[in-house]
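Me: Please examine the structure below with me, one contact at a time.

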Amino acid sequence: MRRLALVLLCLTLCPGWAIAGDSVTYDSTDELHARGAEVQAFGGVNITQGRQALQGFAAEGQDAVVVALGALDVAQHATPAQLRARIRAVLADLATVDCVLWVDLRTTAPNPGWAHDAARFNRIARALAPRVLAWDAYSHGHRAWFRTDNYHPNRIGQAAYARFVAAQVGRWCP
């Protein structure tokens with residue numbers, strides 16, 4: 001009964017899609033809202049910590065959910081087995097969602113080893129998730145979109161990130 005009430009509420013109040021993420025998504029919240037997204041994002045959130053927001057989106061009856069998590073897991077040196085388990089858990093949480101998209105990680109950042117570890121995460125995500133959005137490739141060569149860490153978007157990059165994600169939702173989640 002409670003789930004039915006949530007679904008009915010969502011049919012009248014929910015935006016077209018939802019996204020849960022970390023600091024990149026948090027920084028881009030206004031731009032994502034402007035493109036119809038319900039946003040749940042916080043800095044310093046790993047995949048496990050982001051699951052609550054994703055579970056909430058599934059309970060609301062969201063048809064399209066974007067997952068933009070994984071950077072903190074890479075920064076904290078999660079093993080490939082841990083990454084696979086975390087991604088599988090999220091996908092199980094979202095089993096009732098019609099369209100699930102995962103945003104890959106930028107592999108360009110000044111931290112030693114980041115490129116290798118982020119690329120490994122992206123390969124694991126591509127092997128498990130139904131659709132992985134290539135933010136890394138899309139943003140490659142656009143240094144002006146990012147702060148000095150070459151990872152977090154500045155105002156121009158936040159708009160680019162939101163345009164990219166929203167366009168991919170429109171493409172894959174009609």
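Me: Which residues in α6 does α4 meet?
Reply: This is a predicted model, in which local features need pLDDT of at least 70 and side-chain atom pairs count only at pLDDT 80 or more, while totals for chains, interfaces and linings use all residues. Residues are numbered from 1 along each chain as its sequence is written, and side-chain values use heavy atoms, without hydrogens and water. With contact meaning heavy atoms within 4.5 Å, Ile 47, Thr 48, Arg 51, Leu 54, Gln 55 and Ala 58 in α4 meet Arg 86, Ile 87, Ala 89, Val 90 and Asp 93 in α6.

Me: At roughly what angle do the axes of α4 and α6 cross?
Reply: Helices are DSSP runs (H or I, at least four residues), and axes are lines fitted to C-alpha atoms over the stretch in contact, with angles from 0 to 180 degrees between N-to-C directions. The axes of α4 (residues 47–60) and α6 (residues 80–93) come within 9 Å, and they cross at roughly 10°.

Me: What is the angle between the planes of Trp 135 and Tyr 161?
Reply: Rings of Phe, Tyr and Trp (its six-membered ring) pair if their centres lie within 6.5 Å; planes under 30 degrees apart count as stacked, over 60 as edge-to-face and the rest as tilted. The structure holds nine aromatic pairs. Trp 135 and Tyr 161 form an edge-to-face pair, 5.1 Å centre to centre, with the planes at 85°.

Me: How many residues apart in sequence are the parts that this pair ties together?
Reply: Trp 135 lies in helix α8 (residues 135–139), whereas Tyr 161 lies in helix α9 (residues 155–172). The pair therefore ties together parts whose separation in sequence is 26 residues.

Technical notes
Helices (H or I, at least four residues) and strands (E, at least two) are DSSP runs, numbered from the N terminus.
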